[in-house]
Amino acid sequence: SSVKAVNTDKELLLAVKVHQFDRFRLKSIKKKLKSDLEKMHPEYEIFVSTDQKIYLELEQLEQKLQKDHTQMKSLKKDFDKIKSLMKEKA
């Protein structure tokens with residue numbers, strides 16, 4: 001139903017919020033999204049999550065980026081934290 005994404009020059013983090021009924025097909029949705037994105041953007045390492053916590057974390061990071069009051073070091077730290085959370089859930 002909605003998507004949040006943040007990327008660096010090498011990596012793309014994507015979190016998807018799915019409708020309640022589609023939660024039964026999370027694995028196939030995640031797999032299809034990842035494969036489609038890898039075809040469209042072969043230069044990126046792609047991480048896809050359907051976890052709502054990851055979605056909220058990416059939303060907060062996106063808001064920080066839009067405010068533009070944070071330093072690059074802080075953003076990189078947040079990005080790496082979210083990426084490690086995604087790897088744990090995989």
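Strand 3 is mostly covered, with 4 of its 5 residues buried. Buried means under 20% relative accessible area, exposed means over 50%, and partly exposed lies in between (1.4 Å probe, protein chains only). Helices (H or I, at least four residues) and strands (E, at least two) are DSSP runs, numbered from the N terminus.

The model is predicted: local features need pLDDT of at least 70, side-chain atom pairs count only at pLDDT 80 or more, and totals for chains, interfaces and linings use all residues. Residues are numbered from 1 along each chain as its sequence is written, and side-chain values use heavy atoms, with hydrogens and water left out. The pLDDT is the predictor's confidence in each residue, from 0 to 100. Its average over the protein chain is 87, and 96% of the residues score at least 70. Among the elements of the chain, strand 3 has the highest mean pLDDT (93). Helix 3 (residues 72–89) has the lowest (84).

The sheet is open and has 3 strands in the order 1-2-3, with mixed pairing. Strand 1 and strand 3 (45–49) stand at the edges. Each has a single partner strand, so one side of each is left without a neighbour in the sheet. Neighbouring strands are turned by 15 degrees against each other on average, direction ignored. Two strands pair if DSSP finds at least two bridges between them.

Strand 1 (residues 2–7) and strand 2 (residues 11–17) run antiparallel and are joined by 6 bridges. A hairpin of 3 residues connects these two strands. Val 3 stands opposite Val 16 in strand 2. The bridge partner of Val 6 in strand 2 is Leu 13.

Helix 1 (residues 26–40) packs on the sheet and touches strand 2 and strand 3. Its direction makes about 155 degrees with that of strand 3. Helix 2 (residues 52–67) also packs on the sheet, touching strand 1, strand 2 and strand 3. The direction of helix 2 makes about 60 degrees with that of strand 1. Axes are lines fitted to C-alpha atoms, for helices over the stretch in contact, and angles run from 0 to 180 degrees between N-to-C directions. Contact means heavy atoms within 4.5 Å.

Strand 2 and strand 3 run parallel and are joined by 5 bridges. In strand 3, Ile 46 is the bridge partner of Leu 12. Strand 2, helix 1 and strand 3 make a right-handed β-α-β unit. A crossover is right-handed if, with the strands pointing away from the viewer, the path from the first strand over the helix to the second runs clockwise.

Two lysines were examined in detail. Lys 4 is found in strand 1. Lys 4 counts as buried because its relative accessibility is 16%. Its side chain makes a polar contact of 3.4 Å with the side chain of Glu 62. A polar contact is a pair of N or O atoms within 3.5 Å; within protein, one must be able to donate a hydrogen and the other to accept it, and residues adjacent in sequence count only if both atoms are side-chain atoms. Leaving aside neighbours within four places in sequence, Lys 4 is in contact with residues including Leu 13, Tyr 55 and Leu 58.

Lys 83 lies in helix 3. Lys 83 counts as buried because its relative accessibility is 15%. A polar contact of 2.5 Å joins its side chain to that of Glu 11. Leaving aside neighbours within four places in sequence, Lys 83 is in contact with Glu 11, Leu 13 and Phe 47.
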